[in-house]
Each structure stands twice: as C-alpha cells, then as structure tokens.
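Biologist: I would like to learn how to read a protein model step by step. Could you take me through one, giving the general idea before each case?

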Amino acid sequence: MHALGLVQIAEKMIQGFTDLGFDVGTAQTPIVPLIIGDNEKTFMFWKSLFERGVYVNPVISPAVPPNRSLIRTSFMAIHEDDELDRILELAGEEGRKLGFVNRIYP
C-alpha cells in the first residue's frame with residue numbers, strides 16, 4: 001500500500017535529492033533531473049545505480065547543453081515510501097563515491 005500521492009512523491013524526491021546535495025534544477029514534477037555536468041560521471045552514476053537495481057536514464061549533449069549532462073529519474077504513484085527512501089539512500093551513496101554529493105540521506 002502506498003501512502004503518498006504523486007504530488008507528494010514528487011515533493012519528497014525533489015526535497016530528498018536537494019537535501020543530499022544534488023542539483024535538481026527547477027524540478028516541480030515527478031520527473032526529477034539530477035544534473036551531474038560531466039558525461040563520464042553521469043554514465044558511471046547511471047551504471048552504479050543500475051547495478052544496484054535502480055533504473056534511470058542518462059542524458060548527455062546534444063540532448064542537453066554541453067556540461068549539463070544529467071540523470072533523469074521518474075516516479076509513479078505506485079512507488080512505495082520505502083522504495084523512495086531506498087532510491088535516495090543509494091543515490092546518495094553512489095553520488096558520494098563519485099564526489100558530487102556529500103550528504104547522507106537520513
């Protein structure tokens with residue numbers, strides 16, 4: 001059973017990623033970009049999340065401006081609260097390993 005609606009899920013993930021130190025741009029929807037900037041780190045981050053069971057999409061130039069490569073995350077109303085927490089935890093761990101975030105998700 002999921003306790004959050006889609007708007008609340010979007011708010012939770014935007015705030016959670018922001019609290020970890022990710023750049024989410026002007027995100028306001030359940031499609032949340034994690035702006036990395038460096039193509040190599042973007043692909044390394046994508047691969048590490050994929051290997052840990054989190055499917056996201058890497059986006060690099062020319063789909064985005066140079067030095068604005070990002071990971072596209074998207075969420076649905078069926079995502080459970082514990083799944084969302086796990087995604088934030090894993091993203092924080094992998095982001096710290098690659099040196100572009102420095103905070104720990106509570």
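Modeller: Let us begin with charge, for which we need a convention: Lys and Arg count as positive and Asp and Glu as negative, while His and the chain ends are not counted. In this model, which is predicted, the protein chain has 10 positive and 14 negative side chains, and the centres of the two sets lie 6 Å apart.

Biologist: What pattern does the protein chain follow when it is read along the sequence?

Modeller: Read in that direction, the protein chain follows the pattern α-β-α-β-β-α, and there are 3 helices and 3 strands in it. The radius of gyration is 13 Å, close to the 13 Å that the globule rule gives for 106 residues, so the chain is as compact as a globular protein of that length. Taken along the principal axes, the box that the C-alpha atoms fill is roughly 40 × 25 × 20 Å.

Biologist: How much of the protein chain is made up of buried residues?

Modeller: A residue is called buried when its relative accessible area is under 20% and exposed when it is over 50%, with partly exposed in between. By that cut-off, buried residues make up 39% of the 106 residues. As for the surface, the protein chain exposes about 6200 Å², of which carbon and sulfur atoms supply 56%.

Biologist: Is Thr-73 buried or exposed, and which residues is Thr-73 in contact with?

Modeller: Thr-73 has a relative accessible area of 3%, and because buried means under 20%, this residue counts as buried. Its place is in strand β3, which covers residues 69-74. Leaving aside neighbours within four places in sequence, Thr-73 is in contact with Phe-17, Pro-30, Ile-31, Val-32, Leu-34 and Val-56. A polar atom of the Thr-73 side chain also lies 2.6 Å from the backbone oxygen of Val-32.

Biologist: With which side chain does the side chain of Ser-48 make a polar contact?

Modeller: For a polar contact we look for a pair of N or O atoms within 3.5 Å, one able to donate a hydrogen and the other to accept it. The side chain of Ser-48 makes such a contact with the side chain of Glu-94, at 3.3 Å. Ser-48 lies in helix α2, residues 39-51, and is buried, with a relative accessible area of 12%.

Biologist: Let us turn to the backbone. Which residues does a cis peptide bond join, and what is phi of Asn-67?

Modeller: The angle to read for a peptide bond is omega, and it is about 15° for the cis peptide bond that joins Ser-61 and Pro-62. Pro-62 sits in the loop between β2 (57-59) and β3, and Asn-67 also has its place in the loop between β2 and β3. Phi of Asn-67 is near 65°, a positive value in a residue other than glycine. At 66% relative accessibility, Asn-67 counts as exposed.

Biologist: How far apart are the C-alpha atoms of Asn-67 and Asp-38?

Modeller: Asn-67 and Asp-38 are 29 residues apart along the chain, and their C-alpha atoms are separated by 5.9 Å. The C-alpha atoms of Val-101 and Ala-77, by contrast, are 24 residues apart along the chain and separated by 27 Å. For the whole protein chain, among contacts between residues at least 6 apart in sequence, 64% join residues at least 24 apart.

Biologist: Where is the place of Val-101, and which residues does Val-101 touch?

Modeller: Val-101 is in the segment after α3, and at 7% relative accessibility Val-101 counts as buried. Not counting residues up to four places away in sequence, Val-101 touches Leu-20, Gly-21, Phe-22, Gly-92, Gly-95 and Arg-96.

Note on methods:
Residues are numbered from 1 along each chain as its sequence is written. This is a predicted model: local features need pLDDT of at least 70, side-chain atom pairs count only at pLDDT 80 or more; totals for chains, interfaces and linings use all residues. Side-chain values use heavy atoms; hydrogens and water are left out. Helices (H or I, at least four residues) and strands (E, at least two) are DSSP runs, numbered from the N terminus. The radius of gyration is taken over C-alpha atoms; the globule rule is 2.2 Å times the number of residues to the power 0.38. Buried means under 20% relative accessible area, exposed over 50%, partly exposed in between (1.4 Å probe, protein chains only). Contact means heavy atoms within 4.5 Å. Accessible areas come from the Shrake-Rupley method with a 1.4 Å probe; for residues, only the protein chains shown count as cover. The place of a charge is taken as NZ of Lys, CZ of Arg, CG of Asp or CD of Glu.
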